[in-house]
Amino acid sequence: MKDIRKDLLLYAVTDRSWLRGGTLYHQVRKLLNGGVTFVQLREKELDEESFLLEARKIRELCGQYKVPFVINDNVEIAVKVDADGVHVGQGDMEAGEVRRRMGADKIVGVSVQTVEQALLAQHQGADYLGVGAVFPTDSKTDAASVSLETLRAICTAVEIPVIAIGGIGPDNVMELTGSGICGIAVISALFARPELKTAARELKSLTEKMLRRDGNGKRTALTIAGTDPSGGAGIQADIKTMLANGVYAMSAVTALVAQNTTQVTGIMEVTPRFLGEQLDNVFTDIRPDAVKIGMVSAGLLIDVIAERLEWYQAEHIVVDPVMVATNGAKLISDEAVSTLKERLFPMADILTPNIPEAEILSGMTIRTKEDMIAAARAISSQYSCAVLCKGGHDLNDADDLLYRDGSYRWFCGKRIYTVNTHGTGCTLSSAIASNLSKGFDLDTSVERAKAYISGALGAMLDLGKGRGPMDHGFDLTGEFI
């Protein structure tokens, strides 16, 4: 799934009612110069030949600005001009049929007014939802009214991005703070203004301010794990990874771990009550879009995590079943392993064991790729979640196996010859959580996380006297953000 959240910030829906003797092409160009991030061509009166001509011109214009261009309702025109996608309403063609006709790589948007409609559209393959009318509007007289409470409920219920539409302008956009949307769709607030470029610039700035205040301008991820004062693993590595992958990182400490690249000399657990307080403070203020769980050394702490995640209905849970440090030190008690299996694993979207951990969890010896498949199948079946079994320990390659829903996929990677692998498990799981928080599906999240960790290892950072850390910040301004 393509991540289009940022593209949906300021979504312009065309209306030739305010041409004022000019052309729609020139109006759209002014709006693009003002910062519009998405364009929908909405035409109800043009004949097909004129519609086709207009669509081709504006599609080419949007391509020059690298802004997505979709057509309202008319799939045939969209196919003919190779538009980026189609937006349909409740009375139009259903999203699944649009997807079939347009192709898997195209954008499908759907207008909805209820949670039920939103969930159905998501199930049918929609990439984003337009919800409205959130305010009274003259642009569409038959638009049903949607309360802000319903808008929030829809944003909470679905995983795909949501934009608000209907009567939105500079005077009321801030009222959408806290709704969960990632952008706004507007008509008259842009096209009815005499200075289109200025109107776009001002409305974009206000929308960005609203999203920053809302917290939805930035995806968020929470790491629940132990510390590493040397910075290569644990919470320190998780926060670096989340930052490098473009999300806002938060943390809840399970234990203070005295370790470096050569050894672990001590573990001081927090109390269950204090861990619970940390989690309460995170979830009741800045809700995480994904949760990564790393080292938890005691059963009572695991119970607290499971209880809080269930209470707050946490989403996109990635569990890295940390049992042994890279240097061989045992990090978890046998009692805690049992509690992990009973409480946390069934809640996870995905587990990320390395081969030694997969052997413990499956009770199997892993020497071949066939062994990896069998072990991952057993773990996935027992805990009803996806399993990423990581290669690179006893196998002579860096290929990872994703097993879920009875099928598997190999993620092949070039083996990087370095001894500096401290914190690789923490880093990979945090990168997966980061990408899930941004709306990528599981396969894409794993693929992007694997590319990131390969880059971090490939930077060949060489610090410490033992198995040193990788370079988490090797590409802070690059593709992973």
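**Note on the predicted model**

1. The buried residues of helix α12 are A336, V337, T339, L340 and L344. When the helix is viewed down its axis, these residues fall within an arc of 165°, so they line one face of α12. The structure discussed here and in the points below is a predicted model, and each remark should be read with that in mind.

2. The other side of α12 carries D334 and E342, both of which are exposed. D334 belongs to α12, a helix that spans residues 334–344, and D334 counts as exposed because its relative accessibility is 55%. What covers the buried residues of α12 includes strand β12 (290–293) and helix α11 (299–311). As a guide to distance across the model, D334 and T137 are separated by 197 residues in sequence and by 62 Å in space, taken from C-alpha to C-alpha.

3. Turning to the barrel, the model contains a closed barrel of 8 strands, which runs β1-β2-β3-β4-β5-β6-β7-β8 with parallel pairing. From one strand to the next, the twist averages 25°. In general, the strands of a sheet pair through backbone hydrogen bonds, in either a parallel or an antiparallel arrangement.

4. One of the pairings in detail is that of strand β1 (residues 10–13) with strand β2 (residues 38–41), which run in the parallel sense and are joined over 3 bridges. Within this pairing, the bridge partner of Y11 in β2 is F38. Helix α6 (residues 148–157) packs on the sheet, where this helix touches β5, β6 and β7 (162–165), and the direction of α6 makes about 160° with that of β7.

5. Helix α5 (residues 115–124) lies across β5 (107–112) and β6 (128–131), and α5 runs at about 165° to β5. A further point to check in this part of the chain is the peptide bond from G132 to A133, which is cis, with omega near 10°. A133 is placed in the loop between β6 and α6.

6. Which residues touch the most other members of the largest nonpolar core? They are I71, L129, L176, I181 and L190, in a core of 63 residues. There is also a second, separate core, made up of 50 residues, and among its members are A298, F345, A375 and Y383.

7. L222 lies in strand β9, which covers residues 220–226, and L222 is buried, with a relative accessible area of 0%. Once its neighbours within four places in sequence are left aside, L222 is in contact with M242, M250, S251, A252, L279, V282, F283, P288, A290, V291 and K292.

8. How many disulfides does the structure hold? The number is 0. For C385, the closest cysteine sulfur is that of C389, and the two sulfurs are 13 Å apart, so they are too far from each other for a bond. C426 is likewise in no disulfide, the nearest cysteine sulfur being that of C389, at 17 Å. As for accessibility, C385 is buried, with a relative accessible area of 6%, and C426 is buried, with a relative accessible area of 13%.

9. Two backbone angles deserve a look. Phi of Q313 is near 50°, a positive value in a residue other than glycine. Q313 sits in the loop between α11 and β13 (317–319), and Q313 counts as exposed because its relative accessibility is 62%. Phi of D405 is near 50°, which again is a positive value in a residue other than glycine. D405 is found in the loop between β16 (400–404) and β17 (407–411), and with a relative accessibility of 74% D405 counts as exposed.

Key:
Residues are numbered from 1 along each chain as its sequence is written. This is a predicted model: local features need pLDDT of at least 70, side-chain atom pairs count only at pLDDT 80 or more; totals for chains, interfaces and linings use all residues. Side-chain values use heavy atoms; hydrogens and water are left out. Two strands pair if DSSP finds at least two bridges between them. Helices (H or I, at least four residues) and strands (E, at least two) are DSSP runs, numbered from the N terminus. Axes are lines fitted to C-alpha atoms, for helices over the stretch in contact, and angles run from 0 to 180 degrees between N-to-C directions. Contact means heavy atoms within 4.5 Å. A disulfide is a pair of cysteine sulfur atoms within 2.5 Å. Buried means under 20% relative accessible area, exposed over 50%, partly exposed in between (1.4 Å probe, protein chains only). A nonpolar core is a set of buried Ala, Val, Leu, Ile, Met, Phe, Trp, Tyr and Cys residues joined through side-chain atoms within 4.5 Å. The arc is that of the directions from the helix axis to the C-beta atoms.
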